[in-house]
Amino acid sequence: MAITSANQLELLQTAEAVAREKMIDPGLVVDAMEESLARAAKSRYGSEMDIRVSIDRKTGKATFTRVRSVVEDEALENYQAEFTVEQAKQYMEDPKVGDTFVEEVPPVEMGRIAAQSAKQVILQRVREAERDRQFEEFQDRAGTIINALVKREEYGNVIVDVGAGEGILRRNEKIGRESYRPNDRIRCYIKDVRREPRGPQIFLSRTAPEFMAELFKMEVPEIYDGIIQIKAVARDPGSRAKIAVISNDGSIDPVGACVGMRGSRVQAVVNELQGEKIDIIPWNDDQPTFLVNALQPAEVSKVVLDEEAGKIEVVVPEEQLSLAIGRRGQNVRLASQLTGLDIDIMTEEEESARRQKEFEARTGLFMETLDLDEFFAQLLVSEGFTNLEEVAYVELDELTVIDGVDEGTAEELQARARDYLEAKAKAAIDAARALGAEDSLIQFDGLTPVMIEALAKDDIKTLEDFATCADWELAGGWTNDNGERIKDDGILEPFGMSLEEAQDLVMTARVMLGWVDPDDLISAEDGAEELVEGDEEEAEA
């Protein structure tokens, strides 16, 4: 078939028909045709030639051209597509390296094999364009709910038709033991969209917390309009969930708006989630108050927050303990997810026993180390003193306010405490030296003698050893193992070392050893501050 013998407009008509069918740009189809015709021409004229084809977008006329580039003499490799400056002079007036010479060549006669090859090129390019369009379409829809039609089920995974492609609802993304039949209609949350060789992969979910948040957005106009905000969601899919909401309008009750008239709004979400019970909780910026709300329906007596450790202790009456914990720990687990805190729940009796135990331990410490009688030691603990450092280094007037303690007694107490701490520090340094600790570590500012001894016991004996430590190795931290949080104990964690303090000490050691340029450190900190300020300004905007 000669390209000239065909109706030239037929190319454009074919391109438009294919583009309409596949919902892609007709220009992409024409580009594919140009590539396929160029490939067919190369098989006729020679594969080493640089043959290009241009199809006029208005008339459909295909123009075949041969392109040759001017190169340096020593760079000449392909005689069919390149020539030297001297060789180019017979075709061009003033050729220079990098110039190209374009000449038109006769159209080719397309045989059966060439036509089949051209068809494959066009189909491949159209397929790629269709996949790109699908990926871009669904990438923009990630994080939203989609209505899908069930096609089939494979090994517990549900394959659904999402319109312009297929999505997959994995077995662990289904609620409970949901099962579907072909042609069932389901609503899913688009969790992720990935570009893969066989086409865009659309991963769906019905267990994601965001799915429930999006359902509330569809059912509650105030959430859609931004009057009410969903601040946090925690789910035990198919069983129970907690959602924290806050209103930007003081006249609108966020919980009541989400519940709806006679529970109509929340019931619509419950029905979609296979009867999942939903606790709607008012959000509060004060963490203890928010936690009390999150533990509903249990009543809380007292909350003790440890911000540094990210832990919180909750005291409840004996009869409320099982309700606060929930069946199989469900209530406290969801409250922990909602607040982002580790929650320890204890009864009033347990808390009282623990406090009594701590009181006795501190009393015994003061009796043994300061040579005090039990009454005097108890008096110190009752006034809030918890360790020897507090006694040794507080202002005198903090001791003299205690009944029966005059200035002389206070000075004697401090002297005893300091003597004991100095003896303990000396013993710790001697023990560290015996373990092989070197002066570079012992003289490093920021580490106490007992810390140095603990490091030496863990085979950290020089400043170089210390500088190679990670912050979590020193201060401790948490790791996730299959969704379960596991505690990593830090070497210096028993001495109250925080992650920030550990980071500062390690970086200081690296600067002292010359491993880190202090100027780079300052510029990095400045950059981080600018980034934070920029984020704050953006948030305010």
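Let me begin with a term: a residue is called buried when its relative accessible area is under 20%, exposed when over 50%, and partly exposed in between, using a 1.4 Å probe and protein chains only. What we have here is a predicted model, in which local features need pLDDT of at least 70 and side-chain atom pairs count only at pLDDT 80 or more, while totals for chains, interfaces and linings use all residues. Residues are numbered from 1 along each chain as its sequence is written, and side-chain values use heavy atoms, with hydrogens and water left out.

Helices are DSSP runs of H or I with at least four residues, strands are runs of E with at least two, and both are numbered from the N terminus. In helix α9, which covers residues 287–294, the buried residues are F290, L291, N293 and A294. Seen down the axis of α9, these residues fall within an arc of 160°, taken from the directions from the helix axis to the C-beta atoms, and so they line one face of the helix.

Now to the aromatic rings, where Phe, Tyr and Trp (its six-membered ring) pair if their centres lie within 6.5 Å, and planes under 30 degrees apart count as stacked, over 60 as edge-to-face and the rest as tilted. The structure holds 2 such pairs. In one, W283 and F290 are tilted, at 4.5 Å centre to centre with 50° between the planes; W283 is partly exposed at 23%, whereas F290 is buried at 3%. F444 and F466 also form a tilted pair, at 5.6 Å centre to centre and 50° between the planes.
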